[in-house]
Amino acid sequence: MTANGIGRWLTRLTLAGGLLASVPACATGDPEAGTAPPPTGVVSPPPPLPITTWVDLENGTIPLVIIAPHGGDLAPADLPDRTCTGCVLGNDTNTRALALAIASAFELRVNRRPFLVVNRLNRRKFDGNRDLVEATGGHLPLESFWNLYQARIDSAVAGAKRVHPRALVIDLHGHGHAVPRLELGYLLTATSLRLPDAQLGALVAQSSIGGLHRTAASGDSGVTLLRGPRSLGARFRAAGVPAVPSDNDAAPLVDQDYFNGGYNTSRRGSSLGGAVDAIQIETHYVGVRDTPESRFAFAEAFATALLAYLQDHYGWRPL
Ligand SMILES: [Zn+2]
């Protein structure tokens, strides 16, 4: 609880029963200490937050976890708005609906669903792609929710690894940048992506697919995994959705905005090794998530691209 929160609670306590004024100071050696009847008008502490209703976890049967951290539809009035310096408060419009559409597309296509972790809180209240302090805006009661949210992701990742020894996490977002294309984030900056292949290739081991770079079933590695014919960007492009990096869009230009991956991609990816990779997908709005028809069409393309990617590089395919 923050100092403000404690202050509000104490204020309620005082108003309700004058309790603060009536509590006697402890008297050393007082034989009656601890035997006095409880004061009247005692107010209970605030009820626990309904944190389990603020994150949805759906178990799946594909070694794929989709996180939707910025599409939350709930903004409880008793949670303060985040006020941290530099905090971004705007939701990624319709990305919760997009994640649900994607899960349905997999089910229609292969009768299997990805694991899904959806933050239900609006970004004004909680940011599902930040460390504890920035995610909660320093509002201490939300720490238990941040822990639960991370535990839900842990659970989904563990489930995905039970489906297949190697798994992929997709952190799903929406951007408002000028160029209408997917921005695929591997923790490699735009400046790095503009490097010549030989120099960029040396950086892929530290990317969020660093583990895949060493072990891909396809034998692809380095730059080929980022923008070769079997890269995720190439698979999306072939499915009708432009993406960067990809086989025909190697890197953002110097004056173009680009998101290269955030907290979830860093924490869940394989830059330090391990059997789980992570990629941030930033989606544009029109034609992807603006209408139910757009979301349905994009979900189809997503399933096409990811099924090919999982088969190529993870050696996984639905039975
Ligand atoms: Zn976002």
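These legends go with close-up views of the sheet in a predicted model.

View A. Seven strands make up an open sheet with mixed pairing, and reading across you get S1-S3-S2-S4-S7-S5-S6. The edges belong to S1 (55–58) and S6 (243–244); each has a single partner strand, so one side of each goes without a neighbour in the sheet.

**View B. Strand S4 alongside strand S7.** Here S4 (residues 167–174) and S7 (residues 276–283) run parallel, joined by eight bridges. To get your bearings, find Ala-167 and look across to Val-276, its bridge partner in S7.

**View C. Helix H5 against the sheet.** Helix H5 covers residues 143–163 and packs on the sheet, where it touches S1, S2, S3, S4 and S7. Compare its direction with that of S3 (115–119) and you'll find an angle of about 170°.

**View D. Strand S2 and its buried side chains.** Five of the five residues in S2 are buried. Leu-64, Ile-66 and Ala-68 point one way from the strand, while Val-65 and Ile-67 point the other way.

**View E. S2 and its two partners.** S2 pairs with S4 in parallel through four bridges, and Val-65 sits opposite Val-169 of S4. The pairing of S2 with S3 is parallel too, with four bridges; on that side, look for Ile-66 opposite Leu-116. How does the chain get from S2 to S3, and which hand does the crossover have? It passes through helix H3 (residues 95–110), making a right-handed β-α-β crossover.

Key: Residues are numbered from 1 along each chain as its sequence is written. This is a predicted model: local features need pLDDT of at least 70, side-chain atom pairs count only at pLDDT 80 or more; totals for chains, interfaces and linings use all residues. Two strands pair if DSSP finds at least two bridges between them. Helices (H or I, at least four residues) and strands (E, at least two) are DSSP runs, numbered from the N terminus. Two residues are in contact if their C-beta atoms, placed from the backbone, lie within 7 Å. Axes are lines fitted to C-alpha atoms, for helices over the stretch in contact, and angles run from 0 to 180 degrees between N-to-C directions. A residue is buried if 20 or more other C-beta atoms lie within 10 Å of its own, exposed if 12 or fewer, and partly exposed in between; C-beta atoms are placed from the backbone. A crossover is right-handed if, with the strands pointing away from the viewer, the path from the first strand over the helix to the second runs clockwise.
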